[in-house]
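Please read the following report beside the sequence and the structure, which are shown just below. It moves from charged pairs to helices and then to a few single residues.

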Amino acid sequence: MTAPPSPATAQDATRVARLRRWHRTHQLTFDTAVAAVVFVAILCGAVAGPHGPHGAHLPRFGVRELSPVTVVLAVLACGTLVLRRRLPRTVLAATGALTVVELVAQSNAPRAPVAVAAVIALFTVASRTDRPTTWRIGVLTCLVLTAAAMFFGDRSWYAQENLAIFAWTGMAAAAGDAVRSRRAYVDAIRERAERAERTREEEARRRVAEERLRIARELHDVVAHHIALVNVQAGVASHVMDNRPDQAKQALAHVREASRSALEELRATVGLLRQSDDPTAPTEPAPGLGVLDQLIDGFVRAGLPVALDLPPAPQPALPASVDLTAYRVVQEALTNVRKHAGDGARATVRIVRTDGALTVTVQDDGRGAGADAAVAADGPGEGAVAGSVGGHGLIGMRERVQALRGTVVTGPRAAGGFQVRVILPLGGARTGETT
């Protein structure tokens, strides 16, 4: 685990960031200061001797006379450096030309280091252009200034001053190219970091959208089923309240039980949104085929006869996703049968398990007004199932099954009524979808 930065390191980073911001917002002021420093350096180099007394390797000031030509050339060269960011190549050409003029004009006198301005300008060009251009311009500048110093000087061609011009111009081009490469590297790192951040945000948004869809589907299944039962039992209680109070009490008990079951399932579903450190996180398992008899019993008490055909026990445990999806398919299909198949309808639930798939079939023999309206509104092949709450029952069912790479077959039966048939592969193979 990476240790947190020390206070001193954080303060240094803050100072560096502050200096960078100041440099970006005051570039002209910075360039003016650089030009002033270079001007002072040129004047000091013009009046200093190469060696101190008794041959000491220290400069000695005041041994040379400062000529007006040197001052004028230094002023012009350093004045152009103020514009080195806006016009880098023009400034390099101007400082190079002034350096050549100084070398020619002071051929028989001690030279002033006007070439320092050309070195600064060459560094700026190298740091703001590409590598091939840097080396072409660098080689040209180096050859021109070195040749002028060798041809117009009163010393031998290999004198120390001539080699110094060659070395300083070469180092300026190399240093500028290194700065440009470093800046490009940092920009690339920053761009990759920003791209990775955008990718993480998009992935997070996608996962949030998928989770919202899943939770919305769970809530729809829970609410559609239990509210339908509550509605039916409340209607029965209202109808028989005066004549048969005992039956009304029984219907109201069913309403209370259905509402309690709805609240428990809603609490378990919404509890999935809790944070991992919440002490009241839900511990109830998701419903499955193990509690299918309780679901069927609720519909039977609501007045819908349901015949259940389950595979013989014991059976190997189903995957949790397949178990939950099969339960929700039966719940949604029976809810729609109760709402749209009409009075007197009977339903059959048949579950068949093979080595590679689980087949869930829900049939009814009703053909009431609700089914007719559903077919007229949604077209053939949708029937009662399409008439669920908000018209999203069949859509939610298909989304659940398709998430497990299964198939959904819905449509009217030849003998009357409606059928929902779902095949859920246990091995993850997709078989397609038909309607």
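Glu197 and Arg200 join their side chains in a salt bridge, with N and O 2.5 Å apart, where a salt bridge is a side-chain nitrogen of Lys or Arg within 4 Å of a carboxyl oxygen of Asp or Glu. Both residues belong to helix 7 and stand 3 residues apart, about one turn of the helix; helices (H or I, at least four residues) and strands (E, at least two) are DSSP runs, numbered from the N terminus. Glu197 is partly exposed, with a relative accessible area of 35%, whereas Arg200 counts as exposed at 51%. In these terms, buried means under 20% relative accessible area, exposed means over 50%, and partly exposed lies in between, with a 1.4 Å probe and protein chains only.

The model is a predicted one, in which local features need pLDDT of at least 70 and side-chain atom pairs count only at pLDDT 80 or more, while totals for chains, interfaces and linings use all residues. Residues are numbered from 1 along each chain as its sequence is written, and side-chain values use heavy atoms, with hydrogens and water left out.

The structure holds 10 salt bridges, and the table sets out three of them.

| Pair | N to O distance | Separation in helix 7 |
|---|---|---|
| Glu197 and Arg200 | 2.5 Å | 3 residues |
| Arg190 and Asp187 | 3.0 Å | 3 residues |
| Glu210 and Arg206 | 2.5 Å | 4 residues |

An α-helix has 3.6 residues a turn, so residues three or four places apart point the same way. Arg190 and Asp187 are separated by about one helical turn because they are 3 residues apart in helix 7, and about one turn likewise separates Glu210 from Arg206, which are 4 residues apart. Arg190 is partly exposed at 42% relative accessibility, and Asp187 is partly exposed at 38%. For the other pair, Glu210 is partly exposed with a relative accessible area of 44%, and Arg206 is partly exposed at 39%. Glu210 and Arg206 also take part in a network of salt bridges that links them with Glu203 and Arg207.

What does UniProt list for residues 186-213? An unreviewed entry there gives these residues as "coiled-coil region"; UniProt positions are given in the numbering used here, feature names are shortened, and annotations may be inferred rather than shown by experiment. In the model, the chain over residues 186-213 is 100% helix and 0% strand, and its end C-alpha atoms are 41 Å apart.

Helix 4 has 18 residues and reaches 26 Å from its first C-alpha to its last, close to the expected 26 Å at 1.5 Å a residue, the expected span being 1.5 Å times one less than the number of residues. Its buried residues are Pro88, Val91, Leu92, Thr95, Gly96, Leu98, Thr99, Glu102 and Leu103. They lie on the same side of helix 4, because they cover an arc of only 165° around the axis, as judged by the directions from the helix axis to the C-beta atoms.

Is Glu102, with a relative accessible area of 1%, buried or exposed? Glu102 is buried, and its C-alpha is 8.7 Å from that of Ala115, a residue 13 places away in sequence.

Ala115 is one of the buried residues of helix 5, together with Ala117, Ala118, Val119, Ala121, Leu122, Thr124, Val125, Ala126 and Ser127. Helix 5 is thus mostly covered, with 10 of its 13 residues buried, and spans residues 115-127, reaching 19 Å from its first C-alpha to its last, close to the expected 18 Å.

**A turn of the backbone**

Arg405 is not a glycine, yet has a positive phi of about 65°. Arg405 sits in the loop between helix 13 (393-403) and strand 6 (407-412), and counts as partly exposed at 41% relative accessibility.
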